[in-house]
Amino acid sequence: MGELKRTPLYDLHVELGAKMVGFAGYDMPVQYPLGVMKEHLHTRASAGLFDVSHMGQVVLRGPSYEAAAQGFETLVPMDVMGLGVGRQRYGFFTNDAGGIEDDLMFANRGDHLFVVVNAACKVGDIARMTAELSPDISVEEITDRALVALQGPAAETALARLNPAVADMAFMDFAEVTLDGSACLISRSGYTGEDGYEISIPEADAGRICRLLLEMEEVEPIGLGARDSLRLEAGLCLYGNDIDATTSPVEGALTWAIQKIRRADGARAGGFPGADRIFGDLAEGVARKRVGLAPAGRAPMRAGTQLFAAAEGGDPIGEVTSGGFGPTINGPVAMGYVGAAQAAIGTEIFGEVRGKRLPVLVAKTPLVPANFKR
């Protein structure tokens, strides 16, 4: 591995006493002195501030929004052309085998698309867009802006002190909003299951804006450790763990993200990589499926834990892809893949932990109800 990159907020993390770790090529805070458990619970109860500047921010610009959107639809199975101005949507790149190359967020900025991709995949994603989109659509990585997430039930109260207009935003709204004199790009979204915002800030202003937020009683800095446990309780996928290039959206239980207009009977059906495989999965079903898992007792079932249909004997029917302790429910939480025959909610299966099979129920996700502002 090469030298770790630093986000614009690195010095602030060190000043706040963060424990820094390598993640997706960046030196990132995994926790602060508050500790992962308290950081998690604080976010659920109040507001947490996360540095997500390692993720890729990309602008796609063509002769018109329609041209950029039409081009982007050749890479994703989402309705991009029908997305309203000032609105954001979840999506994913697919490959020719119908697998997921990365998941992402994209927003209609009126005359261009603003796309946020995962840190570990951004080099490949930008290369894919550059190679596959027509020459009249420019692909520009934004490298002079930080990206932070303010999450939790008090996020609106805190951010509205810097600009009351953010209180009028609904879930998945996207707008340019001035915070303390800085032109910021803000979406009402996040990856914790809580209400909140993701805020793209000019690099020169990022430290100042974050300090203003952290001075507020409601806001604490939150690291990658709590970010992971929060998204797991919320039933949200971690790319590379829960979905990857071999996983179809149907197996990954992400078909809700494929709008009707792009499906087999839609007005703009197909036209994206792997459409035939994905349409086949939708029509015929799949052999395995991602599910929520609620282990009995107190022992967490970590990624890689083998799952079985019975307490004794038989071959594995699947495995855990993400697992740990859920501070909100004060017990273990997990997700993973099981055979279609075991995917019904309430099915009892067994996870093998240190040579012993322990019961686990297939559970509805999210394991902790979402708290978005609709």
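Q: How many bridges join β16 to β17 in this model?
A: Strands of a sheet pair through backbone hydrogen bonds, either parallel or antiparallel. In this predicted model, β16 and β17 run antiparallel and are joined by eight bridges. One place to look is E319, which stands opposite Y337 in β17.

Q: What do β16 and β17 form, and how many residues lie between them?
A: The two strands form a hairpin, with four residues between them. In the turn, N330 has a positive phi of about 55 degrees.

Q: Which strand pairs with β17 over six bridges?
A: That is β14, residues 288-295, and the pairing is antiparallel. G292 stands opposite M335 in β17.

Q: Is β17 mostly covered or mostly exposed?
A: In a regular strand the side chains alternate between the two faces of the sheet. For β17, nine of its nine residues are buried, and the strand is mostly covered. Helix α7, residues 224-233, lies across β16 (318-326) and β17 (331-339). The helix runs at about 115 degrees to β16.

Q: Which strands make up the closed barrel, and in what order?
A: The barrel has six strands, in the order β14-β17-β16-β15-β18-β19, with antiparallel pairing. From one strand to the next, the twist averages 45 degrees.

Q: How many bridges join β15 and β18?
A: β15 (residues 306-308) and β18 (residues 348-353) pair over two bridges, in the antiparallel sense. L307 has G351 in β18 as its bridge partner.

Q: Which residues have the most contacts inside the largest nonpolar core?
A: In soluble globular proteins, nonpolar side chains tend to be buried together. The largest core here has 39 residues, and those with the most contacts inside it are L60, F72, V80, F106, L113, V115 and M129. Among the elements that give two or more residues to this core are the strands β4 (56-61) and β5 (88-94), and the helices α3 (65-72) and α8 (275-284). A second, separate core has 29 residues, including L12, A146, M169 and L214.

Q: Which residues does F72 touch, leaving out those up to four places away in sequence?
A: F72 touches L60, V80, F93, L104, F106, L113, V115, M129 and L133. Its relative accessibility is 0%, so F72 counts as buried.

Q: How many aromatic pairs does the structure hold, and what is the arrangement of F72 and F106?
A: The structure holds seven aromatic pairs. F72 and F106 form one that is edge-to-face, with 5.6 Å centre to centre and 70 degrees between the planes. This pair links distant parts of the chain: F72 is in helix α3 and F106 in strand β6, 34 residues apart. F106 also counts as buried because its relative accessibility is 0%.

Q: Why is the pair of F272 and F279 edge-to-face?
A: The planes of the two rings stand at 85 degrees, so the pair is edge-to-face; the ring centres are 5.8 Å apart. The cut-off for this class is over 60 degrees. Both F272 and F279 are buried.

Q: Which residues form one aromatic cluster with F93?
A: F72 and F106 form one aromatic cluster with F93. The ring of F93 also has the charged end of R128 over it, 5.4 Å from the ring centre.

Q: Where does the charged end of R6 sit?
A: The charged end of R6 sits over the ring of Y10, at 3.9 Å from the ring centre.

Conventions:
Residues numbered from 1 in each chain as written. Predicted model: local features only at pLDDT ≥ 70, side-chain atom pairs only at ≥ 80, totals over all residues. Heavy atoms only, no water. Pairing = 2+ DSSP bridges. Axes fitted to C-alpha atoms, helices over the stretch in contact; angles between N-to-C directions. Contact = heavy atoms within 4.5 Å. Core = buried A, V, L, I, M, F, W, Y, C linked by side-chain atoms within 4.5 Å. Buried < 20%, exposed > 50% of the residue type's maximum accessible area, 1.4 Å probe, protein only. Phe/Tyr/Trp six-rings, centres within 6.5 Å; stacked < 30°, edge-to-face > 60°. Lys NZ or Arg CZ within 6 Å of the ring centre and 35° of its normal.
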